[in-house]
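Open your viewer and get ready to click along. We will go from one stop to the next, selecting a few residues each time.

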Amino acid sequence: MKDIIKIEKLTKTYGRKRGVTDVSFTVKEGEIYGFIGPNGAGKSTTIRSMLGFLSFNSGSITVLGKDSVKDHTQILKKIGYMPSEALFYPSMRVSEVIKLSADVRGTDCRKEAEMLCERLKLDTGKRIKELSLGNRKKVSIVCAMQHKPELFVFDEPSSGLDPLMQNTFFTLIKEYVAQGATCFLSTHVLSEVSRYCDRAAVMREGRMIKEDKVTNLTESSIKNIKLTIDGEHKEYMYNGDINELIKELSQKKIQNLFIEEPSLEDMFMHFYEGKEA
């Protein structure tokens with residue numbers, strides 16, 4: 001599989017404020033790639049640098065085999081980008097916004113746009129100012145998908161969508177990927193990563209701390225320990241030899257003990273907070 005996105009040692013600073021430091025990863029053709037981390041971790045900075053919206057201090061980025069700086073315009077023609085907060089002209093009707101998005105690209109997207117609006121149950125006759133957050137998100141989705149791009153880049157796409165529409169959105173992604181597209185998905189909704197992504201990178205405080213197949217990220221020797229000792233309840237995550245833990249605990253007066261697999265949320269909080277065993 002060829003590289004669709006390749007970022008090497010990306011560093012971007014905002015004066016004294018933290019941006020991202022030495023971020024490197026590769027997204028392969030046909031993947032749904034998760035880019036995860038808490039707010040402020042550097043996800044949007046990485047995306048905006050990747051799309052040529054931000055100049056960066058050092059490193060290199062290629063997208064669809066082209067340089068993100070020199071070939072910025074050519075790259076954007078083949079990308080469907082959905083920012084975390086899309087703004088539209090409030091007095092325009094939904095149909096007008098969708099048509100404007102297609103006209104800017106010089107593409108007739110009417111058939112695809114009609115299918116997307118039907119699937120997403122989007123009323124194209126309403127004005128943008130009349131829409132809820134969820135319906136504005138739907139407009140963003142249609143604008144990002146209607147030209148059937150080679151690469152989708154979504155920044156927190158599902159916020160504001162109800163569970164039914166979230167399911168429809170990800171079904172659409174899988175359909176486009178099955179037709180040859182690639183998807184880069186920035187999110188902090190961990191269930192989305194577990195359910196839909198092939199590989200994922202974890203960001204924390206401007207640095208990429210982990211990258212692997214999603215199945216590997218969620219499988220480890222880490223255990224969630226819950227116990228009551230002398231009437232005091234304790235709970236923590238343990239990453240070590242479970243036999244050593246049992247040996248240590250056998251010397252204490254324990255009323256209750258539970259050793260569990262950590263939840264997906266617990267696992268990623270372990271990454272986010274940099275907890276040690």
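Begin by selecting M145 and showing what surrounds it. Leaving out residues up to four places away in sequence, M145 touches E112, L116, F152, F154, F169, L172, I173 and Y176; touching, or contact, means heavy atoms within 4.5 Å. Before you click further, note that this is a predicted model, in which local features need pLDDT of at least 70 and side-chain atom pairs count only at pLDDT 80 or more, while totals for chains, interfaces and linings use all residues. Residues are numbered from 1 along each chain as its sequence is written, and side-chain values use heavy atoms, with hydrogens and water left out.

Now widen the selection to the core around this stop. M145, F154 and I173 have the most contacts inside the largest nonpolar core, which has 40 residues. A nonpolar core is a set of buried Ala, Val, Leu, Ile, Met, Phe, Trp, Tyr and Cys residues joined through side-chain atoms within 4.5 Å. Buried means under 20% relative accessible area, exposed over 50%, and partly exposed in between, using a 1.4 Å probe and protein chains only. Helix 6 (residues 163-178) gives this core its largest share, seven residues. Helices (H or I, at least four residues) and strands (E, at least two) are DSSP runs, numbered from the N terminus. In soluble globular proteins, nonpolar side chains tend to be buried together.

Next, pick out V23, A41, I61 and I79. They are among the 25 residues of another core, which lies apart from the largest one.

Return to helix 6 and select Y176, which is in that helix. Is Y176 buried or exposed? Y176 is buried, because its relative accessible area is 5%. Not counting residues up to four places away in sequence, Y176 touches E112, M115, L116, M145, K148, F152 and A181.

M165 is buried, with a relative accessible area of 4%. Setting aside neighbours within four places in sequence, M165 is in contact with R119, L120, K121 and K138. From the C-alpha atom of M165 to that of V104, 61 residues away along the chain, the separation is 27 Å.

For a stop in another helix, select S101, which sits in helix 3 (residues 94-104). S101 is buried, with a relative accessible area of 18%. Apart from neighbours within four places in sequence, S101 is in contact with C143 and Q146.

Then select C183 and C197. C183 is buried at 0% relative accessible area, and C197 is buried at 8%. With a disulfide defined as a pair of cysteine sulfur atoms within 2.5 Å, the count comes to zero disulfides.

Finally, zoom out to the whole chain. The chain has ten helices and 13 strands, and its C-alpha trace spans about 75 × 40 × 40 Å along its principal axes. Of the 277 residues, 43% count as buried. Among contacts between residues at least 6 apart in sequence, 68% join residues at least 24 apart.
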